[in-house]
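Student: I would like to learn how to read helix packing and aromatic pairs from a set of coordinates. Could we work through one example together?

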Amino acid sequence: RRYESRGGGSDTAALNLLYTPSLPSLINGRLFWIDEGSIPALRKREYGYDLLPVPYVPWNDATAEPRIAYVLVALDRVGDPRPVTSTGILPNLGYVDLCRAGARSVSSEFEEFFLETSFTNEGSSLREYLDSLEQQGD
């Protein structure tokens with residue numbers, strides 16, 4: 001386990017992508033360039049994830065010509081001996097902190113966009129989920 005649980009063991013989820021071929025769908029994230037020789041090690045480390053193509057435009061230039069990037073997506077696989085998806089877990093806060101720091105390194109607006117457009121398996125935005133945790137702590 002790369003990140004410690006802070007929520008009694010139910011918060012073990014990394015963020016996943018709900019992959020859809022729907023044109024109006026969108027994702028947000030950081031774009032990293034890696035060389036082809038690094039892909040086998042990445043695939044081995046990220047067991048259960050597929051690399052799937054998605055069109056992208058830069059955050060600060062929505063009118064740019066779309067290009068193709070690849071994202072890691074954990075798909076549900078019936079009978080997988082090492083399942084990587086579950087609907088019974090919540091976001092790992094250490095991992096969320098790491099993702100927020102990455103988003104914040106782009107801009108505070110990008111971090112807010114990330115929080116509003118990332119969702120728990122229960123359908124709450126990440127912003128709503130974190131706000132509810134703060135309220136429980138009061």
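Student: Within what distance do the axes of helix 3 and helix 4 come, and at roughly what angle do they cross?

Tutor: A word on the source comes before the answer: this is a predicted model, in which local features need pLDDT of at least 70 and side-chain atom pairs count only at pLDDT 80 or more, while totals for chains, interfaces and linings use all residues. Residues are numbered from 1 along each chain as its sequence is written, and side-chain values use heavy atoms, with hydrogens and water left out. Helices (H or I, at least four residues) and strands (E, at least two) are DSSP runs, numbered from the N terminus. Axes are lines fitted to C-alpha atoms, for helices over the stretch in contact, with angles from 0 to 180 degrees between N-to-C directions. Here the axes of helix 3 and helix 4 come within 5 Å and cross at roughly 85°. The two helices are therefore roughly perpendicular to each other (65 to 115 degrees; under 35 is roughly parallel, over 145 roughly antiparallel, the rest oblique).

Student: Which residues make the contact?

Tutor: Contact means heavy atoms within 4.5 Å. Helix 3 contributes Glu112, Phe114, Leu115 and Glu116, and helix 4 contributes Leu126, Arg127 and Leu130.

Student: Which residues of helix 4 are buried, and which are exposed on the other side?

Tutor: Buried means under 20% relative accessible area, exposed over 50%, and partly exposed in between (1.4 Å probe, protein chains only). In helix 4, Leu126, Arg127, Tyr129 and Leu130 are buried. Seen down the axis of helix 4, these buried residues fall within an arc of 165°, so they line one face of the helix; the arc is that of the directions from the helix axis to the C-beta atoms. Gln135 and Gln136 are exposed on the other side, and what covers the buried residues includes helix 2 (93–104) and helix 3 (108–117).

Student: How many aromatic pairs does a search of the whole structure find?

Tutor: A pair of aromatic rings is described by the distance of the centres and the angle of the planes. Rings of Phe, Tyr and Trp (its six-membered ring) pair if their centres lie within 6.5 Å, and planes under 30 degrees apart count as stacked, over 60 as edge-to-face and the rest as tilted. The search finds 2 pairs. Trp59 and Phe110 have ring centres 4.9 Å apart and planes at 80°, so this pair is edge-to-face. Trp59 and Phe113 form a tilted pair, 5.3 Å centre to centre with 45° between the planes. Trp59, Phe110 and Phe113 form one aromatic cluster.
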